[in-house]
Structure formats: C-alpha cells, structure tokens
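Work through the exercises below with the sequence and the model open. Each task is followed by a solution in steps.

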Amino acid sequence: MSNYIVSARKYRPATFDTVVGQSALTTTLKNSITSGRLAHAYLFCGPRGVGKTTCARIFAKTINCLNPTPSGDACEQCESCRAFNEQRSYNIHELDAASNNSVEDIRQLIEQVNIPPQVGRYKVFIVDEVHMLSTAAFNAFLKTLEEPPAHAIFILATTEKHKLLPTILSRCQIYDFNRMTVQDIVGHLENVARQEGITYEPAALNVIAQKADGGMRDALSIFDQVASFCQGHITYQQTIADLNVLDYDYYFRLVDHFLAHQIPDILLTFDQILSKGFEGSHFVGGLNNHLRNLLISQDSQTVRLLETSDEVRQRYAEQAKRCQPRFLYAAIRKCTDCDLNYRQSQNKRLLVELTLIEIAQLASGADDALPSGLGPTQQILTTPEASRQLQPVFTTSAAQRPATTAAATAAPTTPAATPATKPAAKAEPVATQLRPQAPAAPTTTAATQSFSIHLSATTPAVEVAKTAATDTAAPTSAEPVAPPTSVAPPPLELTPDNLIVLWRTLAQGPYAADANLATRMEQSLPALQPDGTTIVVVADNPMVQQLFQQHVPDLQQHLRTRFQQPDLRLDIHLRQQAERPQILTPQQLFRQLCEQNEALQHLNDTFLLNVEN
C-alpha cells in the first residue's frame, strides 16, 4: 500500500501562477523579483489557510533560482531549485514561533544570519506565527530585522497582525492576504476532483466551500473527508450528512409555510430540525441568512452577491418573486432579535417558536400592517388638536358605553366642518388607532357581540382596551355621504389606573417622535395624590427632571383636557437618594454593641478578650 498524501499537501502550489485567489499579491512579488527590488523584510498576514507560508516558500525558491524564466518563475532545474524541492536546501530556514518563541531561539537565528549562503544569492528566514514571540524575543530581533546583512531576507507570517509591535510593522513590507471566495475554492476543488478521478455534484462542492469559511487548506481537508465517505462520487445529500450541515431545503420549505400561514407545519419542521441535533441558534442564523439571500435575489444587480450554485440561485430567484420586500425586512429584524436574545433566554425553544409564529403573522397580515423599512407607515401629529383625539376606552359593551358617544356619532355633519377633517384623513395619527371604528354594515347587537384576537405589527407594546364598534345604521340613500367630523372624546374618570393608561398612550402617540421623552415617560409613571388634583412624576436624576419640566405645560394641558379637570396640576419631583449606611471598623462596631448590651462589655473584661484591640 503506497503512502497516502492529503490533498492539502499533494496539491500545494509550487509557482506563483498556481496560487489561488491572491493574484494581486503574487503579481507584486513577481514584479519585485524581475525588477530586482527586493526588501529585506516582508510580513505576510491574513486568515488561516490562504497561502501565506506557501507564497513565502515560492518566493524564497524563486529569488535563489540560478536560471529564472523571463516571466519571473523558478526554472526547477538548477541546483538551488532541486535542493529546495528535495527539502535539503541550506539557504531557506523556517522557524515556528509558536514553539520557539524565547530569546535563545532568536539568538540562534541571528547567528545563522551572519553565515553567507553556499548556493544562490540569499538566505531566507521564514518565521511562521510570528505573533507568538515573547516581548523579549521581539526586542532581541529588532536590530537584526532593521539592518540585516545584504544576503539575508526575512519573511514573517502571522494570522494576528494586531498583536505585533509597531516597531516590527514599521520595518516590514506588509502584504494582506484575502479570504478565499466560494467561487475560487469550488474551481480549485473541481480541478483536484478531476485529477483524482472523483465525480461530484456542484452543489456538494459549494457546501464544502462554504464550510471552509475562506480557507483553501480547510476546504481540501473537508474534501478528503467527504471523498472518503462517498467513495468516489460526492453527492449533495451525502455531503450534508457527513458534515452535519442543515439542508437549505428546510429554509425554502419554511418560507413557503410562512407565505401560506401554515403555523402547524412551521412548528413541525422546526421540530424535525431539532431532532437532527441542530442547535436553535444555528438554525436562526441560517434562516436569517436565507432571508437575506431572498432579499438580494429580488434585484438583478445584487443577485451576484449570492455565493451558491446556479441551481440554488434559481430557486432563490423563484421564491423571491413571491415575497414582499417589507415582509423580508421585518422577518430579518425578527430573526436578528431572536439571535441576540437566544443566549439569555431560559426557554430557548419557545423563543424560536414564537419568532417563527410572528414571522408567519407578518406574512399573513394586511399590507398596511407590515413596516416597509423605508420610513414610518403613518404620520404622527403632535399638535394639541391631534393630542386631544386620544381616547382610551374602558367599556366593553354597548350597555356600558356613555350615551354622549353614541349621540355624537349619530349626529349629522355640517358642511362647514368638512374641510377641517380632510387633513386628518390623509395621515391619521397613531393615537387615533385607539378609538373604536364603526363597521360599514353592523350585523350584531350588544348582546350577541363576539371578539377575535389579531396580531398586528403596528400595535403598541402597551395597548389600551378597545370596545366594540358603535351600533349605527348603514346609509340607505345613494347620495354621497360627507365624511364625519372629529368628535370630542368623552371625559375619563380620574383614577390611578386611567391615569397610567393615558400616560402610556401619550408616550406612544403624540410624544413617540421624541424617543428620549417617550422612554422616560414609560419608565417614570405618574402618581395621583390624595387631594385629587395633583399628579406627581418622580425623576431619577436632574437631567430627567429638566426634560420633564420642558414639557410640563403641554403634558398638563393633555391631562386637563382628557380628564375635564381644569385645576389639575402636574409636578415633577427629584428622587431623593437614601442615606448611605456608615461603615464601621470592628472596634467601633464592638463599642456600639457594648452600649446596647452592658453584659457584652462585662464578658470582655472578665475573660480578658481584648476585642477592642
């Protein structure tokens, strides 16, 4: 049985032209060799497995070649090239700084620097993982790195450039290696598969490339693993089974269930995913990425950002046509919030399931209930007239509804009042959503009313109770009916509960545009004093107190108007800091206890405890 060599070593590039995904850097190195402009120190930095050490070895072999080609490559025939290929060259030294990071190791390297090369022009010292050197080793290396002999060239390689001292960086030419793209990795894997006589499915190689996360060495290692599992024919299903990758077909099915509002199927699909051993956070991240791919598939200019096979790209394009952009915006935000809250959640499965149900509700809701992501869906008015339209209602039946409301609703509108209501019809404030809306044709009475629960994306977090619509008869005449005028809401009874509800309604309605004030109003709830005419809000600090003081006249007017109490007064108080307890020493504490209990002092004196000392 012949010795097996892994693909990462067997297909390691031997020339600059065979290096994958680093064309700009390899061209720069070749030009510097052909022009003879060689620096004394280079720094190759970048992610793992992108070709840093490989390029350093190719560069070291090429500059020592005795008969280089006109294109700047090594001839592979001279003594220097044969010695390098046979791993017996004395002109190229590699030091692993991860295990040789002491001052003594650097001193031995400096001693070798002073010895001129036997064959070739340069002695090249490749220091891999240079960031692992100790501070003392760095300091011992500085002088030699700055002024080495003419025949010495240093090539430093690292994955963490930020850990190097600025004095090291300033002495080197820095080359930043890029992460490999999925297309570059797939192309190289196809070449390796053809040379190895292995058949494959393009989707399978794409999964391997995505799993490698931009590293060619990782991709070749995964390729060998999958090739051993598949025994000469790499298929997509065998690849995801071997690598334990969640099939993208699950995400396509879930989005179809979202659009069809099939919540039971959504929960069953998620249960299948969990039964296969996948973590909920991994699933949420994959679903978020799938929604992102659907979003960019809706534009021909951004579809090129998809790093997947042509077959899967076609599936994304077909499904993206059935998704509204604003649904995708809202769903991505839901998944992002779930991903952020996943670690802190005590019931992680329930958190994910609720997120999936909310996304399904977004897809099944009305068009005007879904945020577009481009701006507010409704205009928020902050004028006193619009603020007076706030109408928290606490009745649930026609029998409990005030008589003034029904009378005002049934009252005919006058022509003079019609122009005043036209601006409100164009952009209804958020606060008016709290008022009951009259149905077009009421078919139920107060005794036979029924209720239903609907999830709306624009419903505030703290929602006041809603009542059934006013029982009004539908117009029978064919003549056009003038739009109704704005009816003043009925007065509310000034109670602590009604006060808190109205306060939160103001924070989410007229004052929602001022995020700072709205947040402070949610945190600092008002309290009704025993005199019945004073409302007190306690501020946590002087800055919050000053913020409330600036809006006291407007807030006070809202409260007076809604509760129909012109003498109502709003006061802002500053929270008093509690006195800090005095910190006593053990001796002071003992004396204080003795003052409270004389027997304790007698015990100390009798047995000579000397506790006070």
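**Exercise 1.** Is Ile198 buried or exposed, and which residues is Ile198 in contact with, leaving aside its neighbours within four places in sequence?

*Solution.* Step 1: Ile198 has a relative accessible area of 15%. Buried means under 20%, exposed over 50% and partly exposed in between, with a 1.4 Å probe and protein chains only, so Ile198 is buried. Step 2: Ile198 is found in the loop between α8 (182-196) and β6 (199-200). Helices (H or I, at least four residues) and strands (E, at least two) are DSSP runs, numbered from the N terminus. Step 3: with neighbours within four places in sequence set aside, the contacts (heavy atoms within 4.5 Å) of Ile198 are Ala193, Phe223, Ala227, Gly232, His233 and Ile234. Step 4: for His233, the separation from Ile198 is 35 residues in sequence, and 5.9 Å in space from C-alpha to C-alpha.

The model is predicted: local features need pLDDT of at least 70, side-chain atom pairs count only at pLDDT 80 or more, and totals for chains, interfaces and linings use all residues. Residues are numbered from 1 along each chain as its sequence is written, and side-chain values use heavy atoms, with hydrogens and water left out.

**Exercise 2.** Which residues of helix α23 are buried, and what covers them?

*Solution.* Step 1: in α23 (residues 542-550), the buried residues are Val544, Leu547 and Phe548. Step 2: viewed down the axis of α23, these residues fall within an arc of 95 degrees, so they line one face of the helix. The arc is that of the directions from the helix axis to the C-beta atoms. An α-helix has 3.6 residues a turn, so residues three or four places apart point the same way. Step 3: Pro542, Met543 and Gln550 are exposed on the face turned away from the buried side of α23. Step 4: the cover over the buried residues of α23 includes α21 (496-508), α22 (515-523), β9 (534-539), α24 (552-563) and β10 (569-574).

**Exercise 3.** Describe two of the aromatic pairs and the parts they tie together.

*Solution.* Step 1: the whole structure holds 13 aromatic pairs. Rings of Phe, Tyr and Trp (its six-membered ring) pair if their centres lie within 6.5 Å; planes under 30 degrees apart count as stacked, over 60 as edge-to-face and the rest as tilted. Step 2: Tyr42 and Phe59 have ring centres 5.1 Å apart and planes at 70 degrees, so this pair is edge-to-face. Tyr42 belongs to strand β1 (residues 41-45) and Phe59 to helix α3 (residues 52-63), so the pair ties together parts 17 residues apart in sequence. Tyr42 is buried at 1% relative accessible area, and Phe59 is buried at 0%. Step 3: Phe252 and Tyr316 form a tilted pair, with 4.9 Å between centres and 50 degrees between planes. Phe252 lies in helix α12 (residues 248-260) and Tyr316 in helix α15 (residues 310-320), so this pair ties together parts 64 residues apart in sequence. Step 4: Tyr42, Phe44, Phe59, Tyr175 and Phe177 form one aromatic cluster.

**Exercise 4.** Over which residues is the pLDDT below 50?

*Solution.* Step 1: pLDDT is the predictor's confidence in each residue, from 0 to 100. The protein chain averages 78, and 78% of the residues score at least 70. Step 2: the pLDDT is below 50 over residues 366-479, a stretch with 136 contacts in the model beyond near neighbours in sequence. Residues 481-486 also stay under 50. Step 3: where pLDDT is low, the predicted coordinates should not be read in detail.
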